[in-house]
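Please read these points with the sequence and the model side by side. They are short notes from one colleague to another.

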Amino acid sequence: CYYVDGWFRDHGNLDRLMSEVFVDDTDLDFGMIGSASGREEVEAFFTNVPFTMLSFSQHLIHSPLITLVSETEATGKWYFFVPCTFSEGNVAAWISGTYDEKYVKRDGKWFIKEIVVDFFFVSPFDEGWGKVPNMLAGGALA
């Protein structure tokens, strides 16, 4: 999340994200906004989706449930709450949901092997999730 949020100030964070966070065979499933498998697709996903859709984000990650499966495998579930700004229309928004993750330890370092996202809401800041639970329904900024 640090590298994703930091990308808006330092585009070198994409390289850090790809080399320090993900393995070459990472799988992403971000539901309504897309999925990717493998290094090239994952890099393209970040470049073409969150880094294009947003001009600002600040992930607030909390309530982790981490399970060590073996010495080289683990799982995690995290809540996320993200104040952000959508590029199109400069719209301030809230995004919330969970990350379900699988981790692998390679050469003594932990990496993300898989992320599945479950969105609770994607809502404009000024109207909130009570009035607009999914501002992306039906395509780009509905």
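**Notes on the model**

1. Start with Asp107. Asp107 is exposed, at a relative accessible area of 85%. Here exposed means over 50% relative accessible area, buried under 20%, and partly exposed in between (1.4 Å probe, protein chains only). Asp107 sits in the loop between β6 and β7 (109-124). Its phi is positive, about 50 degrees, although Asp107 is not a glycine. Most residues other than glycine have a negative phi.

2. A word on the basis. This is a predicted model, where local features need pLDDT of at least 70, side-chain atom pairs count only at pLDDT 80 or more, and totals for chains, interfaces and linings use all residues. Residues are numbered from 1 along each chain as its sequence is written, and side-chain values use heavy atoms, with hydrogens and water left out.

3. Ser63 also deserves a look. Ser63 is not a glycine, yet has a positive phi of about 55 degrees. Ser63 belongs to strand β4 (residues 60-68). With a relative accessible area of 42%, Ser63 is partly exposed.

4. What is the secondary structure of the protein chain? It comes to five helices and seven strands. These are DSSP runs, numbered from the N terminus: helices are H or I with at least four residues, strands E with at least two. The order along the sequence is α-α-β-β-α-α-β-β-β-β-β-α.

5. Next, overall dimensions. Along the principal axes, the C-alpha atoms fill a box of roughly 45 × 30 × 25 Å.

6. Of the 142 residues, 39% count as buried. Among contacts with a separation of 6 or more, 49% are between residues 24 or more positions apart. Contact means heavy atoms within 4.5 Å.

7. Now the surface. The protein chain exposes about 8,000 Å², and carbon and sulfur atoms supply 54% of that area. Accessible areas come from the Shrake-Rupley method with a 1.4 Å probe; for residues, only the protein chains shown count as cover.

8. Check helix α2 (residues 13-20). Its buried residues are Asn13, Leu14, Leu17 and Met18. They cover an arc of only 140 degrees around the axis, which puts them on the same side of α2. The arc is that of the directions from the helix axis to the C-beta atoms. An α-helix has 3.6 residues a turn, so residues three or four places apart point the same way. The buried residues of α2 pack against α1 (2-6), β1 (22-29), α3 (38-48) and α4 (50-53).

9. Helix α3 can be read in a similar way. Gly38, Val42, Phe45 and Phe46 are buried in α3. Their arc around the axis is only 100 degrees, which puts them on the same side of α3. Cover for the buried residues of α3 includes α1, α2, β1, β2 (35-37) and α4. On the face turned away from the buried side, α3 carries the exposed residues Glu40 and Asn48.

10. Finally, Val91. Val91 lies in strand β6 (residues 91-106). Its relative accessibility is 25%, so Val91 counts as partly exposed. Val91 and Asn134 are 43 residues apart in sequence and 14 Å apart in space, C-alpha to C-alpha.
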